[in-house]
Amino acid sequence: MIQLRYIISILLCALAGNALVVGRQTAGKLSQVTDFGDNPTNVGFYIYVPQNLASNPAIVVAIHYCTGTAQAYYTGSPYAQYAETYGFIVIYPESPYEGTCWDVSSQSTLTHDGGGNSNSIANMVTWTIDHYGADASRVYVTGTSSGAMMTNVMAATYPNLFAAGIAYAGVAAGCFYSEANGEDWWNSTCSQGQSIATPELWTQIAEDMYPGYTGDRPKMQIYHGSEDATLYPQNYYETCKQWAGVFGYDYNSPEEVQSDTPVANWDKTIWGPNVEGILANGVGHNILSNFAAYVIFGTPPEEYEGLIHSI
Ligand SMILES: *[C@@H]1O[C@H](CO)[C@@H](O)[C@H](O)[C@H]1NC(C)=O
């Protein structure tokens with residue numbers, strides 16, 4: 001009996017080939033992937049493959065906040081639901097550190113192929129493209145708080161991988177850098193809005209994370225609450241300076257400011273086709289749940305639909 005089952009399973013393996021391996025990530029369930037390439041800092045890799053998987057699917061990398069987990073972000077954000085609607089795959093990386101913040105402070109994570117957390121997340125993306133025939137030109141990265149910091153770091157270290165990035169309540173890429181303290185360091189100077197620099201300096205900091213890179217870069221959308229007491233709102237302006245600068249826009253003269261967009265009291269500033277900032281007036285640090293409420297209870301705000309429709 002056991003032998004027969006063994007033979008059948010060998011036959012099935014031979015028939016199904018790679019499909020059987022892929023099948024280990026159960027559709028419609030958050031599943032862990034343990035072997036996806038180099039991962040020296042032990043970042044967890046969880047994936048949501050929708051039951052309604054599109055052919056040549058897009059990928060959304062959704063990065064959790066401090067104290068969060070892949071599971072918590074999976075249940076607490078709307079991406080998996082959208083994945084069922086639109087057929088894309090969601091990657092939920094999980095921080096390996098106590099307290100589950102991301103390493104956005106070490107030289108290794110702030111360097112393309114530097115072996116840090118960013119490198120591991122990039123390897124998850126390439127694994128997913130390979131194993132699911134995903135569309136390399138439609139890979140998006142988003143995150144909240146520490147995950148938004150990591151979103152900015154991913155956009156700077158792997159501009160080649162992403163079509164767009166959306167950061168909810170983060171800090172500029174490199175703002176937590178600490179030569180002395182290395183990995184997973186909480187930089188209060190930055191968090192409290194005291195790391196203030198010119199657009200030129202922020203641009204240089206981002207560009208130095210992948211020296212010599214001249215290809216396309218992800219469009220960026222930066223959300224921040226004006227009452228954020230965890231990552232002070234100054235970080236909104238510093239992050240916008242950085243991406244406006246990277247795209248060669250004049251930070252001091254944006255193209256357009258739209259009040260009450262996408263919702264009442266939120267103001268959108270457009271620096272150019274690739275960089276938008278949304279300052280959520282009256283909103284604190286917990287901006288994503290604020291956002292999710294719109295998504296769940298009403299019509300998704302225009303900008304949220306923008307991400308979904310571009311997928
Ligand atoms: C905090 O970050 C800033 C850059 O934003 C850096 O100049 C400073 O050295 C960092 N603080 C520590 C203690 O590493």
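Which side chains does a polar contact of 3.0 Å join? They are those of asparagine 152 and tryptophan 243; a polar contact is a pair of N or O atoms within 3.5 Å, and within protein one must be able to donate a hydrogen and the other to accept it, while residues adjacent in sequence count only if both atoms are side-chain atoms. This is a predicted model, in which local features need pLDDT of at least 70 and side-chain atom pairs count only at pLDDT 80 or more, while totals for chains, interfaces and linings use all residues. Residues are numbered from 1 along each chain as its sequence is written, and side-chain values use heavy atoms, with hydrogens and water left out.

**The chain as a whole**

- The protein chain has 11 helices and 10 strands; helices (H or I, at least four residues) and strands (E, at least two) are DSSP runs, numbered from the N terminus.
- Of the 311 residues in the protein chain, 56% are buried, where buried means under 20% relative accessible area, exposed over 50%, and partly exposed in between (1.4 Å probe, protein chains only).
- Among contacts between residues at least 6 apart in sequence, 70% join residues at least 24 apart, a contact being heavy atoms within 4.5 Å.

- Asparagine 152 is part of helix 6 (residues 146-157), and it counts as buried because its relative accessibility is 0%.
- Beyond its neighbours within four places in sequence, asparagine 152 is in contact with residues including Ala167, Met220, Ile222 and Trp243.
- Glycine 170 is 18 residues from asparagine 152 in sequence, and their C-alpha atoms are 8.0 Å apart.
- Threonine 203 sits in helix 8 (residues 199-207) and is buried, with a relative accessible area of 10%.
- Not counting residues up to four places away in sequence, threonine 203 touches Gln242, Gly245 and Val246.

**Nonpolar cores**

- In soluble globular proteins, nonpolar side chains tend to be buried together.
- The largest nonpolar core has 58 residues, and Val61, Met154 and Phe162 have the most contacts inside it; such a core is a set of buried Ala, Val, Leu, Ile, Met, Phe, Trp, Tyr and Cys residues joined through side-chain atoms within 4.5 Å.
- A second, separate core has 29 residues, among them Tyr46, Ala62, Tyr82 and Ala83.

**The ligand**

- Around the ligand are Cys175, Tyr177, Ser178, Asn181, Trp185, Asn187 and Ser195, each with a heavy atom within 4 Å of it.
- An N or O atom in the side chain of asparagine 187 is 2.2 Å from an oxygen atom of the ligand.
- A backbone N or O atom of cysteine 175 is 2.7 Å from an oxygen atom of the ligand.
- On its own the ligand has 360 Å² of accessible area, of which the protein covers 57%.

**Positive phi angles**

- Alanine 169 is not a glycine, yet it has a positive phi of about 65°.
- Alanine 169 is in the loop between strand 6 (164-168) and helix 7 (188-191), and it counts as buried at 0% relative accessibility.
- Aspartate 260, also not a glycine, has a positive phi of about 50°.
- Aspartate 260 is in the loop between strand 8 (256-258) and strand 9 (266-272), and its relative accessible area of 47% makes it partly exposed.

Note on methods. Areas by Shrake-Rupley, 256 points an atom, 1.4 Å probe, with all protein chains shown as cover.
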